Amino acid sequence: MRQETAETGATPRERYRAQVRAEIKDHARRQIATAGAPGLSLNAIAKRMGMSGPALYRYYAGRDELLTDLVRDAYRSLAEAFRAASAPAPDARALAHALRAWALADPQRYFLTFGTPVPGYEAPEDTTVLAREVMTLMLDACAALPPAGSPGGPFAAHLEEHREWTGGHPAPPAVLHRALTLWTRLHGALSLELAGHFAGMGFDPALLYEAELDALTGDG
């Protein structure tokens with residue numbers, strides 16, 4: 001008969017498995033923080049945990065499954081930060097500040113989701129769904145901004161026909177363009193900062209980020 005715990009509804013074996021997987025992910029995050037995602041090694045993690053390689057593979061079938069779990073966790077944590085920043089109403093500046101705080105709290109987590117793809121790794125479809133939840137909150141926030149005029153040129157027409165990335169969001173092309181501009185420029189500033197490219201230039205990256213945000217939201 002299936003024995004369950006009163007707290008979670010899981011069996012002791014299931015709880016133990018979840019604890020071991022959580023410990024594996026914790027070691028993986030530490031490894032990525034020092035060697036980057038391409039250097040992730042399940043055998044090295046097994047050694048640190050006092051396990052054999054085959055024993056660890058009972059919890060994760062391979063590197064890609066472990067990476068996927070870490071990517072899912074990263075997107076979920078960013079979505080949670082965005083949901084908190086969107087209460088009680090969508091706010092582009094609050095989302096931008098939440099994004100920077102989330103990135104600075106764990107730069108390797110940021111690069112795992114928004115940095116150079118890991119060679120040989122392809123994220124599954126459900127991570128795209130999580131990414132779209134983040135973008136939906138950004139679109140909601142940009143839709144709440146004062147109008148900034150309609151974009152012109154070929155890209156405006158292009159956005160009319162290429163909306164797959166919005167997950168069905170009803171925003172008009174002007175809002176789509178604004179959200180993409182906000183998203184790409186803020187990520188550009190963040191990526192350069194986190195990679196250390198502003199080191200020695202003598203200015204405060206936080207003030208640069210704020211100036212970009214002012215220009216993008218019409219407050220500058």
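What you have here is a predicted model, in which local features need pLDDT of at least 70, side-chain atom pairs count only at pLDDT 80 or more, and totals for chains, interfaces and linings use all residues. Residues are numbered from 1 along each chain as its sequence is written, and side-chain values use heavy atoms, with hydrogens and water left out. The protein comes to 10 helices and 0 strands, where helices (H or I, at least four residues) and strands (E, at least two) are DSSP runs numbered from the N terminus. Along the principal axes, the C-alpha atoms fill a box of roughly 65 × 50 × 30 Å.

**H4 with H7**

- Helix H4 covers 63–85 and helix H7 covers 125–143; they pack at about 15° with their axes 9 Å apart. Axes here are lines fitted to C-alpha atoms, for helices over the stretch in contact, and angles run from 0 to 180 degrees between N-to-C directions.
- H4 and H7 are therefore roughly parallel (angles under 35 degrees count as roughly parallel, over 145 as roughly antiparallel, 65 to 115 as roughly perpendicular and the rest as oblique).
- H4 passes H7 in a left-handed crossing, meaning that the near helix is turned anticlockwise from the far one by less than a right angle; clockwise would be right-handed.
- By class, the contact of H4 with H7 has 10 nonpolar, 2 polar and 5 charged residues. Ala, Val, Leu, Ile, Met, Phe, Trp, Tyr, Cys and Pro count as nonpolar, Asp, Glu, Lys and Arg as charged, and the others, Gly among them, as polar.

**H4 with H6**

- H4 also packs with H6, this time at about 105° and with the axes 10 Å apart. That makes H4 roughly perpendicular to H6.
- On the H4 side, Leu67, Leu70, Val71, Ala74, Tyr75, Ser77 and Leu78 meet Arg109, Leu112, Thr113 and Phe114 of H6.
- This contact of H4 with H6 splits into 8 nonpolar, 2 polar and 1 charged.

**The largest pocket**

- The largest pocket has a volume of about 300 Å³. A pocket, on a 1 Å grid over the protein atoms alone with a 1.4 Å probe, is an open set of points with protein on both sides within 12 Å along at least five of seven lines, and lining residues have an atom within 4 Å of a point. Grid points are joined across faces, edges and corners, and the volume is the space filled by probe spheres set on the points.
- It has 18 lining residues, and Val71, Leu112, Thr113, Tyr121 and Ala123 are the closest to its centre.
- H4, H6 and H7 each supply at least two lining residues, and H7 gives the most, with 4.
- The lining of the largest pocket is made up of 11 nonpolar, 5 polar and 2 charged residues.

- H5 (residues 92–105) and H10 (residues 205–217) have axes that come within 11 Å and cross at roughly 155°. That makes H5 roughly antiparallel to H10.
- H5 passes H10 in a right-handed crossing.
- The contact includes Arg93, His97 and Arg100 of H5, and Tyr209, Glu210 and Asp214 of H10.
- A cis peptide bond joins Ala87 and Pro88, with omega about 5°; Pro88 lies in the loop between H4 and H5.

Terms used:
Contact = heavy atoms within 4.5 Å.
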